[in-house]
Structures are given as structure tokens and as C-alpha cells.
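Here is a short briefing on one protein chain. Look at the sequence and the fold first, then read the points below.

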Amino acid sequence: LTNNTSMGIELTSPQYLFSLGMFDQCLMENNQDASRDLFPGALEMMILESLRRQPAHGYALVQHIQQRSQNLLQVEEGSLYPALQRLLKAKLVKAEWTVSPATNRRVRMYEITKGGIRHLEREINRFDRMLEGIQMVLGPARRAQNS
């Protein structure tokens, strides 16, 4: 997410490591470790965006999110597969078992549905509006601090 202009987010401290999918903990909690939680729905949004680019299996989704975020985002299996199950149940993605040509193992390939694309676009718009509001609140104080 660093320097990702399409999402409009810039993290100023590269030492932050975000752990996705742990939504039951409070975002404002004063945690001394390096992991941080993102807002509910962030993991699902990133899964859907990854699948909009191309169908993928779970491990490929983890790798894609980590690579696109320059390893700032770490997706745990314990978060990924429940999120995929929620997306399947909501019919935002569909899945099919196949054999991976790279490993010759059975994998479940996920693909975004038309409803998933519509849902993703709505969620991105909501996220953009929320981020804009947060930036308006934080902006004046941050500008004064940096001058």
C-alpha cells in the first residue's frame, strides 16, 4: 500500500506490518508488537480485487497481496480461508477444484462473479469516501505538524 496512488494511501513508517482478517480486536488498542489490524472488509476487498485481475488459488492470493503491498501486508491462512468462505456464501466468488500445473496438486481456484465485481466497486467507493473524511480530519493537524 505504500505509494499506492490508486488507493490514495501512503504509510509514512515502513516498519508497520499489517495482519489482515483479525477483526475482533479493537483498532485503537495500544499493541507493542509490529502487527496492526485493518478495518472489517479490507481483506475481502483485497481478495476481490486480486480475483478481478485473474482467478487464483489461496496461496496465490496470499502471495499477490504481499507482493502488491511490498510485504507490508501479511495474510494468515486462518484469516484467508474464512474470508473466502464468506465470499463464496455471499456468491461474490465461485470456486472449482483443479490440478495446479506448477505443483501437480489439487487446488481450489477462486473466481470473482459479476455480483462480486459490483460489490467490490461499491466497497471501494465507500472506502474512498471514508478515507477522504479521515484525511479531512487529520489533514490540518498533520500539515501544521510538518511545517
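Lys-91 is exposed, with a relative accessible area of 63%. Exposed means over 50% relative accessible area, buried means under 20%, and partly exposed lies in between (1.4 Å probe, protein chains only). This is a predicted model, in which local features need pLDDT of at least 70, side-chain atom pairs count only at pLDDT 80 or more, and totals for chains, interfaces and linings use all residues. Residues are numbered from 1 along each chain as its sequence is written, and side-chain values use heavy atoms, with hydrogens and water left out.

**Confidence**
- The average pLDDT of the chain is 78, and 69% of the residues score at least 70. This score is the predictor's confidence in each residue, from 0 to 100.
- Residues 1–36 have a pLDDT below 50, yet this stretch has 68 contacts in the model beyond near neighbours in sequence. A contact means heavy atoms within 4.5 Å.
- Where pLDDT is low, the predicted coordinates should not be read in detail.

**Overall layout**
- The chain holds 4 helices and 5 strands. Both are DSSP runs, numbered from the N terminus: helices are H or I with at least four residues, and strands are E with at least two.
- Along the sequence the order is β-β-α-α-β-α-β-β-α.
- Of the 147 residues in the chain, 31% are buried.
- The chain exposes about 9,900 Å², and carbon and sulfur atoms supply 52% of that area. Accessible areas come from the Shrake-Rupley method with a 1.4 Å probe; for residues, only the protein chains shown count as cover.
- Take the contacts in the chain with a separation of 6 or more: 48% of them link residues 24 or more positions apart.

- Strands β4 (residues 93–99) and β5 (residues 106–112) run antiparallel and are joined by 7 bridges. Two strands pair if DSSP finds at least two bridges between them.
- Which residue of β5 stands opposite Glu-96? Met-109 does.
- Val-99 has Arg-106 in β5 as its bridge partner.
- Arg-106 also lies over the face of Trp-97, at 4.5 Å from the ring centre. A charge sits over a ring if NZ of Lys or CZ of Arg is within 6 Å of the ring centre and within 35 degrees of the ring normal.

**Positive phi values**
- Most residues other than glycine have a negative phi.
- Asn-104 is not a glycine, although its phi is positive at about 60 degrees. Asn-104 sits in the loop between β4 and β5. Is Asn-104 buried or exposed? Asn-104 is exposed, with a relative accessible area of 64%.
- Lys-91 also has a positive phi, near 60 degrees. Lys-91 lies in the loop between α3 (77–89) and β4.

**A link across the sequence**
- Glu-121 belongs to helix α4 (residues 114–146). Glu-121 is partly exposed, at 40% relative accessibility.
- Glu-121 and Glu-49 are 72 residues apart in sequence. In space, their C-alpha atoms are 9.3 Å apart.
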